[in-house]
Every structure is written in structure tokens, then in C-alpha cells.
Amino acid sequence: MTNKKIQSLQRVLDCAARIFTDRRFEAVSVNEIAALAHCSTATIYDVYGNKESLFLAAISYKLDNIVRPRIVERDGSPLERLLAYAEARARWLAAPEQRKVTRSLLCEHERIGHLVRDDMTAQYVLTTKALSQSIRKCLAAGLLREFGEEALAHNILAGTIYEPLVFGLVYGEEAPVNFADTLRKVFTPLVSDKGAFELGRYLNRMSRALQENATSSAA
């Protein structure tokens, strides 16, 4: 395959991934994708065979190239690092682009259910492993209650998904989320008395930052 054809097919995947997450499968045509990608429909059909195969390839490509939040090792309390990760995860899930992808995956679940399951399973394993390391440090420092690593990780993952995704699915991609309130709901039952002080300090910083941003926007 020539470099020119490789570049052309890369554009096809980029365009297809964007369009298929913007609109339903039935509302997208291969001709439209070919025109946007500056590629012939003959080449697309030659490589992918049909629109459904192109759709599967585009969504798989989209899932493979999603940059997900991660826990960053840095100075400070292990609970602060855990809170920073949970905040980043909630903000990422609430972003209009990510909500769009999630809506597309749910709408077309019959076609791409296996891709979604495989991706979710892989990400759950990787994220839980990273969370467990951070949770162990918090437990050792007496910042979290002794609920067990698996239960703590599950609650953090589930709690940071609910409002960002459900609000987006029910109220639309632009529906706002109160991230400080989300973290408060998730972590208040999980932190120890010592951890409650750090949680309060972290939430106060978030509130101050929100007020400063609001003041800057008003000015």
C-alpha cells in the first residue's frame, strides 16, 4: 500500500470516527465520508467492504485513541492525588465530546456491543489497578475507611461516572455538572476523620477556583 493511500485511509478513519459520533449510523453515508476525506468511495469499499465494517473500524479507532485521565504521582497527600484523579475523570466524562462518544456507543450498541465490552473491561482492569495502588497509600496513611481496596475503587469509579454521563445522556452534551458536589458525594462516606479534613480543604480550593473564574468571566 502506498504512503498516499495510507494517508487517505487515515483521513477516512478520522472523518468517519467524527461523523459517526455526531450522528446516528443511518444518517451517515459513505459518500459523505469519502468527500470529507478526499478519498474515493471505491477505495473505501475495497478496504472495508461495507458501511457497517467502516463503522466498526472507525469506532474501534476512536476507542483506541481516547486519552483517558490517569493518576499523577506528585508531592502531597495520596488522598489529594486520588481526589485530583477523580475530578479529572468526572470532568473528562462530562466534556461534550466524550458525552457524544458515549451517546453514540449506547445508540449503536447492537452493532458495536462487543467493542464496548472489550474496551470497558480493559479500562476497568487498568484503572482499578492504578486506583488500588493509590488507595493502599491512603489506607496506610489513615485517610480512607477500611472498606477494602476493591470496594473503595468500585465506589470511586461508579460515583464519578453517574452525574457526568447521566446528565449528558438525559439533558444533552452541554448540561453542567457541579464537580465539587460530585466529589463530596463520592468521598464523604469513604474518608476517615483525618481524610475528611483533607477532603474539605480540597473542595474549598475547588470552590475558590470556581468563584475566581466566575469573577474573571464577569469582568
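**Reading side-chain pairs**

Mentor: We begin with a salt bridge: the side chains of Asp119 and Arg68 meet in one, with 2.8 Å from N to O. Asp119 lies in helix α7 (residues 109-140) and Arg68 in the loop between α4 and α5, so the pair ties together parts that are 51 residues apart in sequence. Keep in mind that this is a predicted model.

Trainee: What is the general idea behind such a pair?

Mentor: Side chains of opposite charge can pair when their charged atoms come close. In this structure there are 11 salt bridges.

Trainee: Is Asp119 buried or exposed? And how accessible is Arg68?

Mentor: Asp119 has a relative accessible area of 18%, and it is buried because the cut-off for that class is under 20%. Arg68, at 22%, counts as partly exposed.

Trainee: Which residue forms a salt bridge with Lys185?

Mentor: Glu163 does, and the closest N and O atoms are 2.6 Å apart. Lys185 is in helix α9 (residues 179-187) and Glu163 in helix α8 (residues 149-171), so this pair ties together parts that are 22 residues apart in sequence. Glu163 is buried, with a relative accessible area of 11%, while Lys185 is partly exposed at 43%. The two also belong to a network of salt bridges that links Glu163, Asp181, Arg184 and Lys185.

Trainee: Which side chain meets Glu32 in a salt bridge?

Mentor: That of Arg23, at 2.6 Å from N to O. Glu32 is partly exposed, with a relative accessible area of 25%. Arg23 counts as partly exposed too, at 34% relative accessibility.

Trainee: Let us turn to rings. How does one describe an aromatic pair?

Mentor: A pair of aromatic rings is described by the distance of the centres and the angle of the planes. The count for this structure comes to 3 aromatic pairs. One of them is formed by Phe20 and Phe25, which are stacked, at 6.0 Å centre to centre and 15° between the planes.

Trainee: Why is the pair of Phe20 and Phe55 edge-to-face?

Mentor: Their ring centres are 4.8 Å apart and their planes stand at 85°, so the pair is edge-to-face; planes over 60 degrees apart fall in that class. Phe20 lies in helix α1 (residues 3-22) and Phe55 in helix α4 (residues 51-64), so the pair ties together parts that are 35 residues apart in sequence. Ring pairs link Phe20, Phe25 and Phe55 into a cluster.

Trainee: What lies over the face of Phe25?

Mentor: Lys51 does, at 4.2 Å from the ring centre. Lys51 lies in helix α4.

Trainee: Next, the cysteines. What is a disulfide, and how many does a search of the whole structure find?

Mentor: A disulfide is a covalent bond between the sulfur atoms of two cysteines. The search of the whole structure finds 0 disulfides. Take Cys39: its nearest cysteine sulfur, that of Cys15, is 9.7 Å away, and Cys39 is in no disulfide. Cys39 is buried, with a relative accessible area of 10%. Cys138 also counts as buried, at 0% relative accessibility.

Methods
Residues numbered from 1 in each chain as written. Predicted model: local features only at pLDDT ≥ 70, side-chain atom pairs only at ≥ 80, totals over all residues. Heavy atoms only, no water. Phe/Tyr/Trp six-rings, centres within 6.5 Å; stacked < 30°, edge-to-face > 60°. Helix = DSSP H or I, 4+ residues; strand = E, 2+ residues; numbered from the N terminus. Lys NZ or Arg CZ within 6 Å of the ring centre and 35° of its normal. Salt bridge = Lys/Arg side-chain N within 4 Å of Asp/Glu carboxyl O. Buried < 20%, exposed > 50% of the residue type's maximum accessible area, 1.4 Å probe, protein only. Disulfide = S-S within 2.5 Å.
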